[in-house]
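Trainee: I am new to this structure and would like to learn how to read its features. Please show it to me before we start.

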Amino acid sequence: MIILYDHLLQSFRPPPLFLSYHIITMGVLDIVPAGVLTGDNVRKLFEYAKENQFAIPAINVTSSSVANAVLEAARDIKAPIILQVSQGGSAYFAGKGLANDKQQASITGAVAAAHHVRTVAKAYGVPVVLHSDHCAEKLLPWFDGMLAADEEYFKQHGEPLFSSHMLDLSEEPKEKNIATCVEYFKRMAPLGLWLEMEIGITGGEEDGVDNTDVDNAKLYTQPEDIWEVQDALSKVSPNFSIAAAFGNVHGVYKPGNVKLHPELLNKHQLFAESKLGKKKPLFLVFHGGSGSTKQEIKTAVENGVVKMNVDTDTQFAYLAGIRDFVQSKAGYLQTQVGNPEGADKPNKKYYDPRVWVREGEKTLSARVKEACSDLGNTNRLQEVKPNDCILSRKKINCISISRIIHIALLLFSGSLRVVFEDVELCLMRDGYLEISSSQGILESSCKPCGFRVIYRKIRERNEQQIDVQLLLSLHQLPLQRILCIRRVEVYSSRGIFATR
């Protein structure tokens, strides 16, 4: 969030003075470019998502048609998107007629999909994370082939072909899982590749990896295990995410048969926070997102999930459009000539693949939009229109405002911190006041301090516009010896924006 100052006062004098600011919320495209992202841009995107409490759906693509429909949805709702290929989906992309005994079809298909997405992504004007999905130990030759393609692409373009890859060694002993991930990550990090790893098993079956009969206890990862991963991988690079199991299952099942506990993710964050001293330090991934309730999704995002896999639901959505078209036009699809309108009427405009495949693209695109909406990932590309904010201060003796650098104001703000040269003033939403310095707390009070945040929501055309007014009054604070405000920060449940 950027504050454009109309003017900057050098000092405060009674009567009260008012500073007027225009507040512009930065969009994703202010942070990363459109097209396929690599390197630190992937981390910047996920950091932005975590700070702003939304996540990005990862959609499995099996053809250029599916990829284009997903990109179309992202463009329409102004959202970043993740396109990913699985081992089986990659083989299909290359063609089911190719041999795959050594993963050659899967490697070829994954590379072909990556080049296609790279070719068209910028035209859709959205940031794209190009990812490869679950790779179990038996599929490592596929992983090696994609990594070789990344290295070759890097030699020519200075960046990898893909944005990220996933290693799923969750079926292996924990020590082997982590050690193998570290080994591969050391090779990936210099290229600017993001690594996603899984610890704890996702149930169900996908692409030949069958965990339907796995021990239920393995479906729930422990905080200590997450920390071991975080500690090991962070020594290589910060560009990684963890798929922690919280009862996840691939596929869609009858309600009540799958017990998801996304609230457990908060325990992982708190455990890592206790080690690192940083709030919500983990980038978490939600596997098996199809069929999840909106509340489960919301809870997962609140606890640091930045990516959610959606495959089963989008597969069915793609079928639905084609199925409905075939059923409604059945009389036109029996022969090339002859239909309910006449025996000599041609049917090419009905059986042309560009017609009925397009119907599948439409319903798939609609389902992707729904997934993005569930995750809060809509209208994220561009900055919002400026709103006005008035900061009012009354009668503060002997305080010079010579070095205000930024005021970062978030929607639904929770507390205010003013940092002076050696003194920190904290005003909490419930009225708690604390003044501290490098020598400790100078004064604290539980009496109301006149700090309140007023916000109102206005819905227009299915878009939410929020006007925020921050009213701050400081009375009789023992700050006479303070000479200079260094920065002002406003916090909320959504995180903290820049303070320099």
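Mentor: We begin with a term: contact means heavy atoms within 4.5 Å. Keep in mind that this is a predicted model.

Trainee: Leaving aside its neighbours within four places in sequence, what is Ser-132 in contact with?

Mentor: Setting those neighbours apart, Ser-132 touches Val-85, Trp-142, Met-146, Ser-164, His-165 and Met-166. Ser-132 belongs to strand S6, which covers residues 127–132.

Trainee: Is Ser-132 buried or exposed?

Mentor: Buried means under 20% relative accessible area. Ser-132 has 0% relative accessibility, so Ser-132 counts as buried.

Trainee: How far apart are Ser-132 and Glu-196 in sequence and in space?

Mentor: In sequence, 64 residues separate Ser-132 and Glu-196. In space, their C-alpha atoms are 9.3 Å apart.

Trainee: Next, packed helices. What describes two of them?

Mentor: Two numbers do: the angle between the axes and the distance between the axes. In this model, helix H4 (residues 104–124) packs with helix H5 (residues 140–157) at an angle of about 40°, and their axes are 9 Å apart. That angle makes H4 oblique to H5.

Trainee: Which residues make the contact?

Mentor: H4 contributes Ser-106, Ile-107, Ala-110, Val-111, His-115 and Arg-118. From H5 come Pro-141, Trp-142, Gly-145, Met-146, Ala-149 and Tyr-153. The crossing of H4 past H5 is right-handed. Two of these H5 residues, Trp-142 and Met-146, are also in the list for Ser-132.

Trainee: Which residues of H12 are buried?

Mentor: They are Val-357, Gly-360, Glu-361, Leu-364, Ser-365, Arg-367, Val-368, Ala-371 and Cys-372.

Trainee: What do the buried residues of H12 pack against?

Mentor: Their partners are the strands S4 (56–60), S5 (81–85) and S13 (305–310), together with the helices H2 (64–76) and H10 (312–328).

Trainee: Please take me through some cases.

Mentor: Asp-231 forms a salt bridge with Lys-235, with the closest N and O atoms 3.7 Å apart. Asp-231, at 30% relative accessibility, counts as partly exposed, while Lys-235, at 66%, counts as exposed. Another salt bridge joins Asp-76 and Arg-75, at 2.9 Å from N to O. Asp-76 is partly exposed at 34% relative accessibility, and Arg-75 is partly exposed at 39%.

Trainee: Where do Arg-43 and Glu-47 lie?

Mentor: Both are in helix H1 (residues 40–51), 4 residues apart, about one turn of the helix. Arg-43 is buried, at 18% relative accessible area, whereas Glu-47 is partly exposed, at 27%.

Note on methods. Residues are numbered from 1 along each chain as its sequence is written. This is a predicted model: local features need pLDDT of at least 70, side-chain atom pairs count only at pLDDT 80 or more; totals for chains, interfaces and linings use all residues. Side-chain values use heavy atoms; hydrogens and water are left out. Buried means under 20% relative accessible area, exposed over 50%, partly exposed in between (1.4 Å probe, protein chains only). Helices (H or I, at least four residues) and strands (E, at least two) are DSSP runs, numbered from the N terminus. A salt bridge is a side-chain nitrogen of Lys or Arg within 4 Å of a carboxyl oxygen of Asp or Glu. Axes are lines fitted to C-alpha atoms, for helices over the stretch in contact, and angles run from 0 to 180 degrees between N-to-C directions. Angles under 35 degrees count as roughly parallel, over 145 as roughly antiparallel, 65 to 115 as roughly perpendicular and the rest as oblique. A crossing is left-handed if the near helix is turned anticlockwise from the far one by less than a right angle, and right-handed if clockwise.
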